[in-house]
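Please consider them with the sequence and the structure in view.

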Amino acid sequence: MAQSTETTDWVSRFADEVIEESERRAPGKPVVVASGLSPSGPIHLGNLREVMTPHLVADEIRRRGYQVRHLISWDDYDRYRKVPKGIAGVSDESHLQHIGKPLTSVPAPQGSSYPNWAEHFKAAMVESLAELGVEFDGISQTAQYTSGVYREQILHAMKHRGDIDAVLAQYRTKPKAGAKKSQKPVDEAELEAAEGSGAAAEDDGSSGAAGYFPYKPYCGNCEKDLTTVTSYVDDTTELSYTCDECGFSETVRLNEFNRGKLVWKVDWPMRWAYEGVVFEPSGVDHSSPGSSFQVGGQIVGIFGGKQPIGPMYAFVGISGMAKMSSSRGGVPTPADALKIMEPQILRWLYARRRPNQSFKIAFDQEIQRLYDEWDKLDGKVADGSALPADVAAHSRAVRTAGGELTRTARPLPYRTLASVADITAGHQDQALRILSELDPENPLGALDEARPRYDKAEAWINTQVPADQRTIVRDEPDAELLKSLDEASQQSLRLLLDGLAEHWSLDGLTHLVYGVPKVQAGFSADATPKELPAEIKTAQRAFFALLYHLLVGRDTGPRLPTLLLAVGQERVRALLGE
């Protein structure tokens with residue numbers, strides 16, 4: 001078994017297990033890991049964990065010199081279950097009529113350039129995965145089923161339908177007579193959190209007068225899966241069905257018929273066996289007794305295969321939002337996240353947490369603290385002081401086996417870039433002026449040096465910060481406030497103005513604005529918090545609030561050193577009453 005030098009992180013441990021298991025099952029062949037995504041709507045950041053977990057493991061295995069296939073199975077032959085809310089170009093009136101059809105037979109949202117619903121939502125995810133450096137082999141289940149690739153597997157499942165039914169029957173339970181209905185409130189988001197993966201319906205087939213069948217045809221008339229198999233003859237493979245929606249019925253030969261699919265709880269283990277999958281994660285909702293992953297572990301043997309090593313992964317949330325479900329409008333997607341954060345940061349969020357640990361992705365002010373944390377880690381990795389597990393997560397974030405991801409040449413603090421983008425409101429020449437003054441000894445030569453991070457910070461300001469929280473610098477001094485100031489407040493402004501020219505850099509202005517209240521109280525501007533009384537903090541807060549009021553008319557705003565640089569010396573002096 002190959003050993004990694006990075007034995008302290010979860011990715012390396014899984015890679016060890018997967019290599020060992022793959023060599024046991026299929027020695028000398030490429031290691032196969034898999035993900036499944038259903039383009040039933042926007043593929044959100046929770047679904048991304050379904051991809052990133054095997055991607056990180058596959059990438060570690062590639063780094064060790066092994067051949068790996070990361071399959072992403074697009075479950076685009078799944079039924080269209082519901083009309084998602086809040087999607088442009090989609091309404092109940094236009095799309096309710098398509099419920100029950102394969103996703104590839106549903107029209108794309110109005111105005112889309114893609115041929116159908118599935119392709120429309122796949123496209124955004126494919127683009128995001130490319131930006132994230134995820135290498136994969138995509139498999140369209142529509143193409144697989146409609147071209148007859150799975151014909152032998154379907155006939156095998158129908159032949160062994162009694163064995164499949166016996167497995168499923170172990171988990172089918174009926175409510176006991178007189179049992180009270182649970183009063184526990186239903187968490188709709190939790191019930192629908194599986195949407196976006198093939199397990200959305202947890203379908204196990206139907207039993208009727210003709211017996212149990214693990215296969216469902218799509219109607220030859222209305223294209224919907226609201227069908228009932230009424231008979232099947234093993235010797236001839238003749239299958240008869242009726243459509244409960246339109247009343248259509250027909251008899252077909254399953255050995256040449258390609259317009260239907262195995263039900264989910266049979267389809268998934270069939271594919272494990274067909275593709276030789278060694279590693280595939282599953283969400284917590286698929287790992288309970290009787291759910292698709294657990295049942296699949298028994299059914300896969302019927303197809304001559306083995307269940308993959310499959311860690312359960314926890315939910316991914318958004319700061320300030322409930323658990324994500326792609327049936328809800330406005331749920332953030334990887335593309336949304338990549339507009340406001342660099343791909344390294346998004347990769348890091350998935351790499352640093354074990355799959356069974358839930359975490360949140362920040363679209364609010366927390367993103368600034370996230371970037372501060374990342375930059376701190378970046379520095380520790382550079383100077384050799386980071387812990388091994390942190391080094392591993394950082395390495396997986398910034399590069400893949402194929403090479404480094406594109407990085408920002410001058411990674412200035414995200415919060416500083418956001419403040420500059422906020423204050424300059426899209427004026428790039430002004431942004432460059434301010435950023436070049438942050439460090440006069442090593443000035444920024446062009447805005448491109450700060451990209452793409454600058455663009456991400458600007459996008460965050462423009463899309464995630466409410467208009468009433470944007471920073472608008474005063475056009476004229478607040479004469480009334482300036483006139484009302486007491487002697488101490490006037491003195492604090494004079495101290496600041498007297499030091500502006502000498503301290504005109506980010507570090508210099510930071511020293512100056514924190515130092516003014518210290519000097520006023522009779523201490524050195526260099527005095528540390530331990531040397532100062534608690535009242536100094538109160539005086540600093542009051543001084544900062546005064547500056548914010550005089551500059552932007554609010555109690556708070558961007559960090560004052562950045563704000564002062566943005567406003568410029570001449571305008572600062574005018575607004576502060578010089």
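1. Three strands form an open sheet in the order E7-E8-E9, with antiparallel pairing. Strands pair here if DSSP finds at least two bridges between them; helices (H or I, at least four residues) and strands (E, at least two) are DSSP runs, numbered from the N terminus. The edges are held by E7 and strand E9 (249-253), each with a single partner strand, so one side of each lacks a neighbour in the sheet. From one strand to the next the twist averages 20°.

2. The model is predicted: local features need pLDDT of at least 70 and side-chain atom pairs count only at pLDDT 80 or more, whereas totals for chains, interfaces and linings use all residues. Residues are numbered from 1 along each chain as its sequence is written, and side-chain values use heavy atoms, with hydrogens and water left out.

3. Strand E7 (residues 227-233) and strand E8 (residues 238-243) run antiparallel and are joined by six bridges. Thr 227 stands opposite Cys 243 in E8, and Thr 228 has Thr 242 as its bridge partner in E8. The two strands form a hairpin with four residues between them, and Thr 237 in the turn has a positive phi of about 60°.

4. Helix H9 (residues 264-275) packs with helix H10 (residues 292-299) at an angle of about 60°, their axes being 9 Å apart. Axes are lines fitted to C-alpha atoms, for helices over the stretch in contact, and angles run from 0 to 180 degrees between N-to-C directions. H9 and H10 are therefore oblique to each other (under 35 degrees counts as roughly parallel, over 145 as roughly antiparallel, 65 to 115 as roughly perpendicular and the rest as oblique).

5. On the H9 side, the contact (heavy atoms within 4.5 Å) is made by Trp 264, Lys 265, Val 266, Trp 268, Pro 269 and Trp 272, and on the H10 side by Ser 292, Phe 293, Gly 296, Gly 297 and Ile 299. By class, this contact has seven nonpolar, three polar and one charged residues (Ala, Val, Leu, Ile, Met, Phe, Trp, Tyr, Cys and Pro count as nonpolar, Asp, Glu, Lys and Arg as charged, and the others, Gly among them, as polar).

6. The average pLDDT (the predictor's confidence in each residue, from 0 to 100) is 90, and 90% of the residues score at least 70. Over residues 1-7 the pLDDT is below 50, and over residues 174-201 it stays under 50. Where pLDDT is low, the predicted coordinates should not be read in detail.
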